[in-house]
Amino acid sequence: MRIDILTVVPDILKSPFEASILKRAIEKGLVEVHLHNLRDYTTDNYKQVDDYQYGGGAGMVMMIEPIDKCISKLQAERDYDEIIYMTPDGKTLEQRTANNLSLQKNLIILCGHYKGVDQRVRDHFITKEISIGDYVLSGGELGAAVLCDAVIRLIPGVIGDETSALTDSFQDNLLAPPIYTRPASYKGWDVPEILTSGNFPKIEAWREEKAYERTQEKRPDLLKE
Ligand code: ADE
């Protein structure tokens with residue numbers, strides 16, 4: 001998979017890809033992430049990427065031209081499956097969207113900044129608009145990092161244990177069950193006996209029951225879906 005991220009602040013997006021699972025996925029050649037600074041696609045001396053709103057109003061708007069130039073250059077090089085715009089008024093990111101995107105080959109992610117982008121960018125280039133939650137960030141970059149993490153970890157080979165991503169919370173509309181590791185007893189707080197019994201069918205049944213209980217307690221809305 002190849003992901004091209006368009007931003008006016010590429011620095012924010014460097015460190016998420018320089019550690020842990022995302023770093024390893026890149027090193028293994030399972031994903032390529034390319035950051036594009038939209039200022040490199042400006043034509044004026046000031047490298048201007050934003051301007052005042054038509055009709056007045058507070059806040060700057062990202063101009064269409066640098067975005068068009070960058071997207072058009074990339075599209076001339078390869079086909080893209082989705083051109084995603086990170087925005088608080090997009091569709092809230094869910095596991096199923098991450099699952100679907102993890103099957104794609106080439107993605108562009110455009111990060112909004114200031115008030116957002118000229119509407120014509122959304123009308124003519126964007127194929128998917130994604131929000132990471134009902135709150136406003138100062139830009140789409142952290143949202144893009146969240147989206148990339150959720151997607152990249154699902155690419156086969158990225159997570160060592162192939163079944164691990166499938167047993168995550170949300171993967172089957174249930175939260176994950178409680179998990180434990182050594183020691184079996186700590187300050188008198190014991191790991192449930194069933195987990196050390198070696199009886200795997202029983203352990204599986206226990207996990208399912210706990211996943212259901214936890215979902216009912218914390219996220220009953222998931223059970224209604
Ligand atoms: N940009 C600003 N706020 C955002 C959000 N909640 N999700 C995605 N992009 C954003």
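The following conversation explains how several terms apply to this predicted model.

Colleague: Why is His36 called buried?

Modeller: Buried means under 20% relative accessible area, exposed over 50%, and partly exposed in between, with a 1.4 Å probe and protein chains only. His36 has 10% relative accessibility and therefore counts as buried. His36 belongs to strand β2, residues 32-37; strands are DSSP runs of E with at least two residues, helices are runs of H or I with at least four, and both are numbered from the N terminus.

Colleague: Which residues is His36 in contact with?

Modeller: Contact means heavy atoms within 4.5 Å. With neighbours within four places in sequence left aside, His36 is in contact with Asp4, Ile5, Leu6, Thr7, Tyr41, Cys70 and Leu74.

Colleague: Why is Tyr114 called partly exposed?

Modeller: The relative accessible area of Tyr114 is 36%, which lies between the limits of 20% and 50%, so Tyr114 is partly exposed. Tyr114 sits in the loop between β6 and α4 (119-124), and has a positive phi of about 55° although it is not a glycine.

Colleague: What makes Asn173 partly exposed?

Modeller: With a relative accessible area of 26%, Asn173 also falls between those limits and is therefore partly exposed. Asn173 is placed in the loop between α5 and β8, and its phi is positive, about 65°, although it is not a glycine.

Colleague: How do you know that the peptide bond from Arg182 to Pro183 is cis?

Modeller: Its omega is near 0°. Pro183 lies in the loop between α5 and β8 (185-186).

Colleague: Which residues are around the ligand?

Modeller: A residue is near a molecule if one of its heavy atoms lies within 4 Å of it. The residues around the ligand are Met86, Thr87, Pro88, Ile130, Ser131, Ile132, Gly133, Tyr135, Val136, Leu137, Gly139 and Gly140. They divide into seven nonpolar, five polar and no charged; here Ala, Val, Leu, Ile, Met, Phe, Trp, Tyr, Cys and Pro count as nonpolar, Asp, Glu, Lys and Arg as charged, and the others, Gly among them, as polar. Strand β5 gives the largest share of this shell, three residues.

Colleague: What is the largest nonpolar core?

Modeller: A nonpolar core is a set of buried Ala, Val, Leu, Ile, Met, Phe, Trp, Tyr and Cys residues joined through side-chain atoms within 4.5 Å. The largest has 28 residues, and those with the most contacts inside it are Ile5, Phe17, Ile109, Leu147 and Ile152. Helix α5 gives the most to this core, seven residues. A second, separate core of 19 residues includes Val8, Cys70, Leu74 and Val117.

Definitions and conventions
Residues numbered from 1 in each chain as written. Predicted model: local features only at pLDDT ≥ 70, side-chain atom pairs only at ≥ 80, totals over all residues. Heavy atoms only, no water.
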